[in-house]
Amino acid sequence: MPESAVIIEACAECQQDLEHCHGTAILHPDGIADCSDDPDCRLTAELHLFVVACHETDCGCYSADDGPEMDAEHAAAS
């Protein structure tokens, strides 16, 4: 029988009062990151719970020339 899910009241960063965002950072080729959850969020990609390269979304700014650099940045941010 599967175990019941554990309910956590707050994430580790919340419990330690660390600056972070529960949203997803969308990382663009120019290095700028937008938050999927909060348009006013100004935190870096590293301070988000998840990071995706913009070519994985429909943002439209990604070009074929950006692929390897974005993949390396995405791997470093994870």
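Trainee: How many helices and strands does the protein chain have?
Mentor: The protein chain has two helices and three strands. Their order from the N terminus is α-β-β-β-α. Keep in mind that this is a predicted model.

Trainee: Then confidence comes next. What is the average pLDDT of the protein chain?
Mentor: pLDDT is the predictor's confidence in each residue, on a scale from 0 to 100. The chain averages 79 here, and 68% of the residues score at least 70.

Trainee: Which element has the lowest mean pLDDT, and which the highest?
Mentor: Helix H2, residues 67-77, has the lowest, with a mean of 50. Strand E1 has the highest, at 94.

Trainee: What share of the contacts joins residues at least 24 apart?
Mentor: Take the contacts between residues at least 6 apart in sequence. Of these, 47% join residues at least 24 apart.

Trainee: Which residues make up the largest nonpolar core?
Mentor: The general idea first. In soluble globular proteins, nonpolar side chains tend to be buried together. Now the case here. The largest nonpolar core has five residues: Ala25, Leu27, Ala33, Ala45 and Val51.

Trainee: Which residues does alanine 33 touch?
Mentor: Leave out residues up to four places away in sequence. Alanine 33 then touches Ala25, Ile26, Leu27 and Ala45.

Trainee: Where does histidine 48 lie, and is it buried or exposed?
Mentor: Histidine 48 is in strand E3, residues 48-53. Its relative accessible area is 8%, so it counts as buried. Now list its neighbours, again leaving out residues up to four places away in sequence. Histidine 48 touches Cys21, Gly23, Thr24, Ala25, Cys35, Cys41 and Leu43.

Trainee: And histidine 28: where does that residue lie?
Mentor: Histidine 28 is in the loop between E1 and E2. Histidine 28 has a relative accessible area of 11%, so it is buried. Its side chain also makes a polar contact of 2.6 Å with the side chain of aspartate 34.

Trainee: Aspartate 30 is my next stop. Is it buried or exposed?
Mentor: Aspartate 30 is exposed, because its relative accessible area is 59% and the cut-off for exposed is over 50%. It lies in the loop between strand E1 (21-27) and strand E2 (33-35).

Trainee: What lies 3.0 Å from a polar atom of the aspartate 30 side chain?
Mentor: The backbone nitrogen of isoleucine 32. Aspartate 30 and cysteine 61 are 31 residues apart along the chain, and their C-alpha atoms are separated by 9.6 Å.

Trainee: How accessible are cysteine 11 and cysteine 61?
Mentor: Cysteine 11 is partly exposed, with a relative accessible area of 23%. Cysteine 61 is also partly exposed, at 38%.

Trainee: One backbone check. Which residue has a positive phi although it is not a glycine?
Mentor: Aspartate 17, with a phi of about 60°. This residue sits in the loop between H1 and E1.

Trainee: Where does leucine 18 lie?
Mentor: Leucine 18 is in the loop between helix H1 (12-15) and E1. At 42% relative accessibility, leucine 18 is partly exposed. Its C-alpha is 9.4 Å from that of leucine 47, which is 29 residues away along the chain.

Key
Residues are numbered from 1 along each chain as its sequence is written. This is a predicted model: local features need pLDDT of at least 70, side-chain atom pairs count only at pLDDT 80 or more; totals for chains, interfaces and linings use all residues. Side-chain values use heavy atoms; hydrogens and water are left out. A nonpolar core is a set of buried Ala, Val, Leu, Ile, Met, Phe, Trp, Tyr and Cys residues joined through side-chain atoms within 4.5 Å. Buried means under 20% relative accessible area, exposed over 50%, partly exposed in between (1.4 Å probe, protein chains only). Contact means heavy atoms within 4.5 Å. Helices (H or I, at least four residues) and strands (E, at least two) are DSSP runs, numbered from the N terminus. A polar contact is a pair of N or O atoms within 3.5 Å; within protein, one must be able to donate a hydrogen and the other to accept it, and residues adjacent in sequence count only if both atoms are side-chain atoms.
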